[in-house]
Amino acid sequence: MASDGFPSPRFFVLDDGLSGEHDTQFDTIEPANLGDAPRCPECGTLLGMLTWLPPYRVELELHGEQPGDFVTGPGGDSFLISERMATAFQAERLTGLQGLHFVEICRVRRRRKGSIPSVAPRYLCVTACFGRAYLDEQRSRLRYAEARTCPECRSADLDTIHGFVLEPGTWADEDVFRARGLPGVRIVSERFAGFVARHGLTNMKLIPTEEYIWDPRRLGPPSAPSGI
Ligand SMILES: [Zn+2]
């Protein structure tokens, strides 16, 4: 699809800040209550991990100096955001986060020297929605173990990602979402990136999708633009 003359919206992969001043992770308190994993309504392919269900009880692990605003851990595809981030997200009418349930922090552990903060922020459990946007296989740099067959979920067994873009015109304006063909990656809008910067939200790394690399077996980038 041609997009000449119209600048394409930019997207970022939302990842952990890791090893920064606000490096924070969580662990679920066992036994965690898990439900079915999401599946494609058309072909039944698994699109995520088992769903984390209430009660949301966690242990917070502080690796940095201060608790961060964005916290990942086990708990299916869910992650935690601070109350301050959740309040601002809603006040600015950003979209795409589902859940928004408060979690109970049962313990706070500090992984390096220092005292545990007397007041840890409150956190909410959220999940990125499944958006309608899908992976542009022609303009992305991908390696496939098995190419996609389902037109709904567009699931494919990917071996590597060395930068990706979304098919122009398929994005439904969500600020946080998972794309068809790439359900394991949290994608955010340029508006979300501005929101993070404006509020000084922490423990997040926003990687332009064109620069995102996922290559667990170190196979390297594909030789052709399309990996099929
Ligand atoms: Zn499907």
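I looked up strand 6 (residues 70-71) and found that two bridges join it to strand 7, the two running antiparallel. I take strands as DSSP runs of E of at least two residues, and helices as runs of H or I of at least four, numbered from the N terminus; two strands pair if DSSP finds at least two bridges between them. Phe70 has Ile81 as its bridge partner in strand 7.

I note that this is a predicted model, in which local features need pLDDT of at least 70 and side-chain atom pairs count only at pLDDT 80 or more, while totals for chains, interfaces and linings use all residues. Residues are numbered from 1 along each chain as its sequence is written.

I then followed strand 7 to strand 10 (residues 123-134), with which it pairs in the antiparallel sense over four bridges.

Which residues cover the two faces of strand 7? I find Phe79 and Ile81 on one side and Leu80 and Ser82 on the other, all buried (20 or more other C-beta atoms within 10 Å of a residue's own, C-beta atoms being placed from the backbone). In a regular strand, side chains alternate between the two faces of the sheet.

I next examined an open, antiparallel sheet of three strands in the order 11-12-16. Strand 11 (142-146) and strand 16 (213-214) are its edges, each pairing on one side only. Four bridges join strand 11 to strand 12 (residues 157-162), and Tyr144 has Leu158 of strand 12 as its bridge partner.

Finally, I checked pLDDT, the predictor's confidence in each residue from 0 to 100. The protein averages 91, and 92% of the residues score at least 70. Among the elements, strand 11 has the lowest mean (89) and helix 1 (residues 83-91) the highest (98).

Terms used: Buried ≥ 20, exposed ≤ 12 C-beta atoms within 10 Å, placed from the backbone.
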